[in-house]
Each structure stands twice: as C-alpha cells, then as structure tokens.
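Subject: Two-chain model for your review

Dear colleague,

Please find below the structure that I am handing over to you. My findings follow it, arranged by topic.

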Amino acid sequence: MATFFDVLISSADTFAQALLLTVEMALLSLIFASIIGVIFGLFTVSKNKVLKLISGIYIGFIRGTPLLVQTFIIYFGLAQVLRPTGFQWKAIGGPFTAGVVALSINAGAYMAEIIRGGIEAVDKGQMEAARSLGLSYGMAMRKIVLPQAFFTMLPAIINQFIISLKDTSLISIIGVRELTQNGKIVAANASTKVMAIWIVVALYYLIVCTILSRVAKIVERKVSHGR
Amino acid sequence: MADKSRKSQEVKIKVEGLNKCFGELEVLKSMDMEVKEGEVVCLIGPSGSGKSTFLRCLNRLEEANAGKICIDGQVMTDKKININKARENIGMVFQHFNLFSNLTILDNITLAPVMLKKMTKEEAKEKALELLERVGLREKADAYPSQLSGGQKQRCAIARSLAMNPDVMLFDEPTSALDPEMVGEVLDVMKELAEEGMTMVIVTHEMGFAREVADRIYFMDDGYIVEQGTPDEIFNHTKESRTISFLNKVL
C-alpha cells in the first residue's frame, strides 16, 4: 500500500501530463468521429447505392480489423506510401496526430452504425409528414429526424466515448506518451514497483471514465425530461 | 353538405392508367380518377384494396410504376418536376397523425411555411394561431404532441397541412387510429373544410361521413375501382355485387 501511494505521488506530474494527452486525444477523436459518423450514417440510410456501398465497405473494414492494425496502417503504412509526396507525420504533429486520425476513423465507423440505428428508430411517418409538406429530404433530416434520433442515440454515443477513451491506450504503441505509455516508461525506471504503477494507471482511466458516465447519466436525464 | 353551386368545372386531379407494384404484387391496376375543384371524393373498400397506396401515389410518397397523375396542372408523375414545390400545394393527413414529436404544436405548424419561405416567422405564427383557434386547440400552442389526445393530434395535423395553403387535401384514414369518442371532432373539422370548398380526397371507413360529405364515392377492391358514383348511387342503388357484399359487412 505504501508503494502505491509512493508511486501515485512521485509520478504525479508525468501522469498529469499523460492524462492531459489522453483526454486531448480522446476528445479530438470523438469530435472527428462524430462528424464522420453523421456523414457515413447518412450514407448508410440513403437510397443511393454507391453511397451505401462506400459506407458498407468502410464500416465492414473497421469493424472487421483490430484498432492496433488500423493504427499501424495509418502511421507506418501511410507514411511509406506517401513518402514520395514529401509527407511526414513529424511535420503535422507526429504520432499524436496519427493516433487521432486512427481513433477518429475507427470510432467514426461505430458512430455511423449508432447514427444509422438512431435514424432507423425514428418513425417513418415523421419523414413522410415532413416531405408531404414540401420539405426536402435534407431539411426533414436536419429539422425532424436527426434531432429525434439524437435522443435515442445518446446512451450509445456516450458508451462509444468511453470505449474510445480506453482505446487511446493502444496508441501508446506508436510512442505517444499518454497514460499507458507513461506507465511503461515509469515502470521501466522502477521495476520493483510494477504492480503499483499499473494500478495507478488503471485508476486514472477509471476516474476519467467514471466522470464521463456520470455526466452521461445527468445529460440523459436532462434530455429525456425535456421531451 | 358541400355547397354544389361553388364548384367549378375545373379538373384539379386527373389520374390516368395508374399502376403500382410492390415487387411481384400488383396493388394498383390501371386506376383512373378525376376530381374537380371543390369536390370531396371518398375512397372506400376492404383493407388491402390499394386505397392508401393510391393516395400516397398522388403526392409521390409512393412512386407509381406506370400512368399519369396531374394535380392542378402539374404532372406529378414527371420525374423532372420539383416534387418538393409540387407537394407544397397538396396537404396530407395521415392515419397516425405524424406530428413532429420534437417540436411544439405551434412549431409543428410554422415549420414548413417558414422553412420554405412562404411566410415570415411572425406571419406563420399568426396564421398558426388562427388555424389552431379554428380547430379548437389555441390553448395547446405551446404543448408537445405527446401531451395531446389522438383527436387533438389529428386536428393539429390538419391545421399543420392547412398552414401551407394547399389547393388539395389528401386524408389517409384520418380517424382509423382514434378512440371512437374522438372520431366526431376530427370529422367535424373535415366537414367544415369541405363546406369551404376545399378539394379533398379521403380514404375512409366512416360510411356515415362518406355518405354525408362526399360528392362522389369510389369503391375499390383488389387494385381496381369497381364502382363510382354519388353517395346515393353507391349506397342506395349499388350495381356491383362486390360493392354490395362489402357494404353489407360494414353497414
């Protein structure tokens, strides 16, 4: 127990920085994932076969492959393929940016599925009524269907936020010094306290995720009340 | 009873050879119909006879496979027309009301006129309150649809359609999802509309209403129009055996 508090206190500053990086990476990814999710979610429910196919391939590929492999494809693979154009991850923020890209693309696919589910859960009559008044498909989506879908999707979206936050730990593999990578570095320098260090790392994740799910509960209650 | 003297001879809705299939199933088989300005036409017939599908083809919520639909000079079946613009002129009332559940009653009514730039916000609000007054729901303006009874929802849905100042109104079994005690309040609103000379096509199972308000009744069965005529012709001097057997079951 003493070692635990020792680790907690002595490494507090590096973990604080790492935590910041983790949260930053998660937040940025989730913002981009939401945008990607809305676009591909709309592709999936559209009548256009080409758009449907594109989103089908994207979602199928992401769901059928591990995030770690996706990260390697983006960080190492893209770097190699794009080298002739002068592209370097270093020039645009290094592994951190690559991590955000990988997480965004990964979570975006899951968000697309959540958004598709939310849209499909809205009664078809809502769209029909809007269209019968002369509203375009886009107007009806924006004003009627998406706002209604948002409420039903909220729990799933927050769940995805929590998953993505934990998935940031995989980005440690390309050298981003987020919580997990920081744990590795601290553990390498204090090999007798390995258990305590990893418990500390777990605790940081636990705290952030708990806060997130608490906020989620409050938001959920607020919006369901407003309906 | 609708005032016959006000009806002109202008044809508002003309349907020729309308055909609609769902996969292999042919639900509408060469339908023809003509509705003159100010006329009230009721479509009756057994469930599954294609009445609702026919109505939904009129504003192209369903795409017809063949045939021509002309409403107010617009060829609805022409793929090149601006369908959204055309629909502004055709109100539709649904069996399940389909009020926008994320909006207040007032916003339900003002949404389309404002978004489609038919009115300013203020004009739309004024018009909405006027319409709500007319259907007896003025005090519900700020309520959400979930706080209304079925009959109130349907009256509000009618007001929402009327806010666009349509020339034609389509009703798809407007009272079928209502508790019996609420049917009357909705039919009263529709009756008033008919008296004001609105051109209406109504799919209904309310035979009493059809008899009283309709100028003409179409009896449909199995994707065909079996018989059409005035309420008197249909109810008292039925010619077709299929119509007779249907009416015997429902009356």
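Which residues does Leu58(B) touch, not counting residues up to four places away in sequence? The model is a predicted one, and in it Leu58(B) touches Ile13(B), Val15(B), Ile69(B), Ile71(B), Met76(B) and Leu170(B).

**Nonpolar cores**

Leu58(B) belongs to the largest nonpolar core, which has 58 residues; together with Leu18(B) and Phe54(B), Leu58(B) touches the most other members. The element that gives the most to this core is α7(A), with 8 residues. A second, separate core holds 50 residues, including Leu99(B), Ile158(B), Leu178(B) and Met200(B). As background, nonpolar side chains in soluble globular proteins tend to be buried together.

**The interface between the chains**

On the side of chain B, 23 residues are in contact with 18 residues of chain A. The two chains bury about 1800 Å² between them, and 61% of that area is on carbon and sulfur atoms. Phe100(B), Asn102(B) and Met115(B) supply 30% of the area that chain B buries against chain A, more than any other three residues.

Polar interactions are also present. Between chain B and chain A there are 8 residue pairs in polar contact, both residues being at pLDDT 80 or more. Four elements of chain B, namely α2 (83–87), β6 (90–93), α3 (105–115) and α5 (150–162), each supply at least two residues of the side that touches chain A. Sorted by class, that side of chain B has 13 nonpolar, 6 polar and 4 charged residues.

The count of salt bridges between the two chains is 1. In this salt bridge Glu128(A) is paired with Arg56(B), and the closest N and O atoms are 2.6 Å apart. Arg56(B) also forms a salt bridge with Glu62(B), where the closest N and O atoms are 3.1 Å apart. Arg56(B) counts as buried, at 14% relative accessibility, and Glu62(B) is buried as well, with a relative accessible area of 16%.

Why can α3(B) be described as largely enclosed by the rest of the structure? The reason is that 9 of its 11 residues are buried. These are Ile105(B), Leu106(B), Asn108(B), Ile109(B), Thr110(B), Leu111(B), Ala112(B), Pro113(B) and Met115(B). The cover over the buried residues of α3(B) includes α7 (137–167) of chain A, along with α4 (121–134) and α5 of chain B. After α3(B) comes Lys117(B), which has a positive phi, near 60 degrees.

Thr104(B) is found in the loop between β6 and α3 of chain B. With 12% relative accessibility, Thr104(B) counts as buried. Leaving out residues up to four places away in sequence, Thr104(B) touches Ala141(B), Asp142(B), Ala143(B) and Tyr144(B).

**Further salt bridges**

Over all chains, the structure holds 20 salt bridges. In general terms, side chains of opposite charge can pair when their charged atoms come close.

In chain B, Glu88(B) forms a salt bridge with Lys85(B), the closest N and O atoms being 3.4 Å apart.

Because Arg134(B) lies in helix α4 of chain B and Glu196(B) in the loop between α6 (180–195) and β8 (199–203), the pair ties together parts that are 62 residues apart in sequence. Arg134(B) is partly exposed, with a relative accessible area of 36%, and Glu196(B) counts as partly exposed at 43% relative accessibility.

In chain A, a network of salt bridges links Arg63(A), Glu113(A), Arg116(A) and Glu120(A). Arg116(A) is found in helix α5 (residues 94–121) of chain A and counts as partly exposed, at 23% relative accessibility. Its contacts, leaving aside neighbours within four places in sequence, are Gly41(A), Thr44(A) and Val45(A). Arg116(A) and Gly41(A) are 75 residues apart in sequence, yet their C-alpha atoms are 4.8 Å apart in space.

With kind regards

Note on methods: Residues numbered from 1 in each chain as written. Chains lettered and ligands numbered in written order. Predicted model: local features only at pLDDT ≥ 70, side-chain atom pairs only at ≥ 80, totals over all residues. Heavy atoms only, no water. Contact = heavy atoms within 4.5 Å. Buried area = accessible area lost by both parts, 1.4 Å probe. Salt bridge = Lys/Arg side-chain N within 4 Å of Asp/Glu carboxyl O. Polar contact = N/O pair within 3.5 Å; in protein donor to acceptor, adjacent residues only side chain to side chain. Nonpolar A, V, L, I, M, F, W, Y, C, P; charged D, E, K, R; others polar. Buried < 20%, exposed > 50% of the residue type's maximum accessible area, 1.4 Å probe, protein only. Core = buried A, V, L, I, M, F, W, Y, C linked by side-chain atoms within 4.5 Å.
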